[in-house]
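Dear colleague,

Please find below the structure that I am handing over to you. My notes on what was found in it follow directly after.

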Amino acid sequence: MVTPPKDIMSEILEERDIKVLIINGDLDFHTNYMGTEKLVENFEWYGKEAFAKYNNGNLKRWHFTNTTNGNDHVPGGDMRVHDRLTYLRVHETGIYVYNERPELMTDLLKQWIADDQGQLKESFN
């Protein structure tokens, strides 16, 4: 019997020592963000309620630094975080975020890896 991905992610989040980043392009029609957000909202873990209440139940705008053209505070997507779970819906990209928005992906990973909790810091308002 195959374990559903929702159950696997719930187990990972319950471990409390593994940070998780889930990204989805808002133009991705293969794995649409609406389905991904519904899946993430239904993970069973100790932070489920706090994650749902983040920013009064709304995603927050996330900004990044584009090192190629020198612009900082560039709108990059909408996010929700709690503890070690970060969900980001990336603007203007499909399934290949890393290929379609490499500057965004570079800054995103630098921020996420640098923080022990996996939080994206100094990037939203």
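A surface patch, as the term is used here, is made of residues with over 30% relative accessible area and no salt bridge, where like charges are joined within 9 Å and nonpolar side chains (Val, Leu, Ile, Met, Phe, Trp, Tyr) within 5 Å. A salt bridge is a side-chain nitrogen of Lys or Arg within 4 Å of a carboxyl oxygen of Asp or Glu. Accessible areas come from the Shrake-Rupley method with a 1.4 Å probe, and for residues only the protein chains shown count as cover.

The model is predicted: local features need pLDDT of at least 70 and side-chain atom pairs count only at pLDDT 80 or more, while totals for chains, interfaces and linings use all residues. Residues are numbered from 1 along each chain as its sequence is written, and side-chain values use heavy atoms, with hydrogens and water left out.

Surface patches

A patch of negative charge on the surface brings together Glu11, Glu14, Glu15 and Asp17. Glutamate 14 belongs to helix α1 (residues 5–14). Helices (H or I, at least four residues) and strands (E, at least two) are DSSP runs, numbered from the N terminus. With a relative accessible area of 37%, glutamate 14 is partly exposed; buried means under 20% relative accessible area, exposed over 50%, and partly exposed in between (1.4 Å probe, protein chains only).

A nonpolar patch on the surface is formed by Ile95, Tyr96 and Tyr98, which together have about 340 Å² of accessible area. Tyrosine 96 is located in the loop between β4 and α4 (97–100), and at 45% relative accessibility tyrosine 96 counts as partly exposed.

Helix α2 (residues 33–41) has Thr36, Glu37 and Val40 as buried residues. They lie on the same side of α2, because they cover an arc of only 100° around the axis; the arc is that of the directions from the helix axis to the C-beta atoms. An α-helix has 3.6 residues a turn, so residues three or four places apart point the same way. Met34 and Lys38 are exposed on the other side of α2.

Salt bridges

Side chains of opposite charge can pair when their charged atoms come close. Six salt bridges are present in the structure.

One of them joins the side chains of glutamate 41 and arginine 80 (3.9 Å, N to O). This pair links distant parts of the chain, with glutamate 41 in helix α2 and arginine 80 in strand β3 (residues 71–82), 39 residues apart. Glutamate 41 is partly exposed at a relative accessible area of 34%, whereas arginine 80 is buried at 7%.

Aspartate 78 meets arginine 61 in a salt bridge between their side chains (2.8 Å, N to O). Aspartate 78 lies in strand β3 and arginine 61 in strand β2 (residues 60–66), so this pair ties together parts that are 17 residues apart in sequence. Arginine 61 counts as partly exposed, at 35% relative accessibility.

The side chain of aspartate 78 also meets that of arginine 89 in a salt bridge (3.7 Å, N to O). Because aspartate 78 lies in strand β3 and arginine 89 in strand β4 (residues 85–90), the pair ties together parts that are eleven residues apart in sequence. Aspartate 78 and arginine 89 are both buried, with a relative accessible area of 10% for aspartate 78. A network of salt bridges links Glu37, Arg61, Asp78 and Arg89.

Asparagines with positive phi

Asparagine 55 has a positive phi of about 50° although it is not a glycine. Asparagine 55 sits in the loop between α3 (48–53) and β2 and counts as partly exposed, at 30% relative accessibility. Asparagine 56, also not a glycine, has a positive phi of about 55°. The loop between α3 and β2 holds asparagine 56, which is exposed with a relative accessible area of 74%.

Histidines

Histidine 63 is part of strand β2 and is buried, with a relative accessible area of 8%. Histidine 82 is in strand β3 and counts as partly exposed at 26% relative accessibility.

With kind regards

Key: Lys and Arg count as positive and Asp and Glu as negative; His and the chain ends are not counted. The place of a charge is taken as NZ of Lys, CZ of Arg, CG of Asp or CD of Glu.
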